[in-house]
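This briefing is meant to be read with the sequence and the structure side by side. Please keep both in view while working through the topics below.

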Amino acid sequence: LGQTSIKTRAAVAWKAGAPLSIEEVDLALPKKGEVLVRIVATGVCHTDAYTLSGDDPEGLFPAILGHEGGGIVEMVGEGVTSVAVGDHVIPLYTPECGQCKFCLSGKTNLCQAIRTTQGKGLMPDGTSRFSKDGQTIYHYMGTSTFSEYTVLPDIALAKIPKQAPLEKVCLLGCGVTTGMGAVTNAARVQPGDTVAVFGLGGIGLSVILGAVMAKAGRIIAIDINEDKFTIAKQLGATDCINPADYDKPIQEVIVEMTDGGVDWSFECIGNVKVMRSALECCHKGWGESVIIGVAGAGQEISTRPFQLVTGRVWRGTAFGGVKGRSQLPEYVQRYLDGEFELDTFITHTMGLEDINHAFDLMHEGKSIRSVVHF
Ligand code: NAD
Ligand code: AHE
Ligand code: ZN
Ligand code: ZN
């Protein structure tokens, strides 16, 4: 009684470039409008590695990373009515307040209700719930799923069916939804369309999954790591190519392969040079390129404006354009209905104590997704 905080086991990023440190930290109980969630499982996304590397201009330390989780509501703060203790939830780094200009626009999933404080590693009231020996530890992407317990605003929780296995559908908290959503929301892939996918990690492979569901005619998968081609083909890629095998720019190769270019391309790496190739492999007059990859601080994209003058379109997307609270539960239901599977993406599982291994596997190109079980 009168308790104001709990202890939780978490992987702490004390500084850029250093391994995460598994320790017990303090977590203040949820305040007004907030919810305490027990994370059951979390995927490790390249964006976690990107921020840990120090390349993220918004990166803050010390922080508890992680944004691809699944969990169970343990306690609700004052005024919370949208979720209750025992509900199964997916944390949302793109929340949905339903009331801001962005939510009401009908044009975007980028709710801005709490974006400013979220980018500062803080809860909407401007403070952190995490600390260790009195020192503040920052939240990350509003989710901090690399902690057994975490606190989120209720607008950042999607309530999902209890029969959905959290250790699988956690991937819908970022990677798989991002790729699938990009195909239908950012692009509008039509039956028979030709698609190019640059980068065959969790995101690119999910784009392939989405493109197959959209009945794309040809799906060209591009990676410098040919080990990724097996799963890409298994998911439905029709052509797998390695830019290192050609002595000319990969965009020229693709334009020749496709009688003028692709209808849609997706950059799923975060490499600004590849972003250019992805744009320039698009068909003159109508081809559109979607940027999904996140590039490091100071990086900029470039191309000849002529590429756009002649009808190619450059666009981008976060979380596949999916509105978390109103639309993510449908993705979970589609998974439960057997429309797609997630096991192909989960190449490794481990306990929290081995989370640094997940980062090693990612950097070595050996994993698609590692899922950490608490
Ligand atoms: P990943 O590390 O699992 O996969 C990246 C893939 O790109 C790897 O297979 C790698 O071999 C390949 N690659 C690297 N350099 C390449 C090159 N020059 N040419 C061809 N292939 C190359 O990463 P991921 O988790 O799939 O994430 C991919 C990107 O998407 C990251 O930048 C991540 O931050 C970003 N992301 C964005 C969103 C969003 O909402 N926009 C969501 C999730 C992830
Ligand atoms: N902090 C980076 C931007 C990182 C970024 O673009 N994140 C994506 C999600 S990546 C998930 O794996 C996103 O949601 N972007 C929209 C937003 O509001 O952050 C930087 O460059 O500052
Ligand atoms: Zn992610
Ligand atoms: Zn909003």
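Predicted model: local features only at pLDDT ≥ 70, side-chain atom pairs only at ≥ 80, totals over all residues.

A residue is taken to be near a molecule if its C-beta atom, placed from the backbone, lies within 6 Å of that molecule. With that cut-off in mind, 13 residues are found around ligand 2, and Thr 47, Pro 57, Glu 58, Val 294 and Ala 318 come nearest.

- The shell around ligand 2 consists of 8 nonpolar, 2 polar and 3 charged residues.
- Around ligand 1 there are 33 residues, of which His 46, Gly 199, Gly 201, Ile 203 and Gly 270 come nearest.
- Sorted by class, the shell around ligand 1 holds 17 nonpolar, 14 polar and 2 charged residues.
- Three helices, namely helix 1, helix 5 (175-186) and helix 6 (202-213), each contribute at least two residues to the shell around ligand 1.
- At least three residues of the shell around ligand 1 come from domain 1, and at least three come from domain 2.

**Domains and annotations**

- The chain is divided into domain 1, made of residues 5-173 + 342-373, and domain 2, made of residues 179-318.
- The C-alpha centres of domain 1 and domain 2 are 29 Å apart, while 13 residues of domain 1 are in contact with 13 residues of domain 2.
- On the side of domain 1 that touches domain 2, the largest share, 3 residues, is supplied by helix 1 (residues 46-53).
- That side of domain 1 is made up of 6 nonpolar, 5 polar and 2 charged residues.
- An unreviewed UniProt entry gives residues 32-162 the annotation "domain: Alcohol dehydrogenase-like N-terminal"; in the model this span is 14% helix and 29% strand, with its end C-alpha atoms 25 Å apart.
- The UniProt feature "domain: Alcohol dehydrogenase-like C-terminal", also from an unreviewed entry, is placed at residues 202-334; in the model that span is 39% helix and 15% strand, and its end C-alpha atoms are 19 Å apart.

- Strand 3 (residues 34-43) runs antiparallel to strand 8 and is joined to it by 5 bridges, and the bridge partner of Glu 34 in strand 8 is Pro 153.
- Strand 8 (residues 149-153) is largely enclosed by the rest of the structure, because 5 of its 5 residues are buried.
- Both faces of strand 8 are covered, with Tyr 149, Val 151 and Pro 153 buried on one side and Thr 150 and Leu 152 buried on the other.
- Strand 3 is also joined to strand 17 by 3 bridges, again with the strands running antiparallel, and Gly 43 has Val 371 as its bridge partner in strand 17.
- Strand 17 (residues 369-373) also pairs with strand 16 (residues 346-351), here in the parallel sense and over 5 bridges, and Gly 351 stands opposite His 373 of strand 17.

**Backbone features in loops**

- Most residues other than glycine have a negative phi, and most peptide bonds are trans.
- Phe 61 and Pro 62 are joined by a cis peptide bond, with omega at about -5 degrees, and Pro 62 belongs to the loop between helix 1 and strand 4 (68-76).
- Met 141 is not a glycine, yet it has a positive phi of about 55 degrees; this residue is found in the loop between strand 7 (135-137) and strand 8.
- Met 141 counts as buried because it has 25 C-beta neighbours inside 10 Å.
- Lys 215, which is not a glycine either, has a positive phi of about 65 degrees, and it is found in the loop between helix 6 and strand 11 (218-222).
- Lys 215 is exposed, because 11 other C-beta atoms lie within 10 Å.

**The surroundings of Cys 268**

- Cys 268 lies in the loop between strand 13 (264-267) and helix 9 (272-280), and it counts as buried because it has 30 C-beta neighbours inside 10 Å.
- Leaving aside neighbours within four places in sequence, the contacts of Cys 268 include Val 197, Phe 198, Gly 199, Ile 203 and Ile 292.
- Cys 268 and Ser 206 are separated by 62 residues in sequence, and their C-alpha atoms are 9.9 Å apart in space.

Note on methods. Residues numbered from 1 in each chain as written. Chains lettered and ligands numbered in written order. Nonpolar A, V, L, I, M, F, W, Y, C, P; charged D, E, K, R; others polar. Buried ≥ 20, exposed ≤ 12 C-beta atoms within 10 Å, placed from the backbone. Helix = DSSP H or I, 4+ residues; strand = E, 2+ residues; numbered from the N terminus. Pairing = 2+ DSSP bridges. UniProt positions renumbered as here; feature names shortened; annotations may be inferred. Domains from an automatic or database assignment. Contact = placed C-beta atoms within 7 Å.
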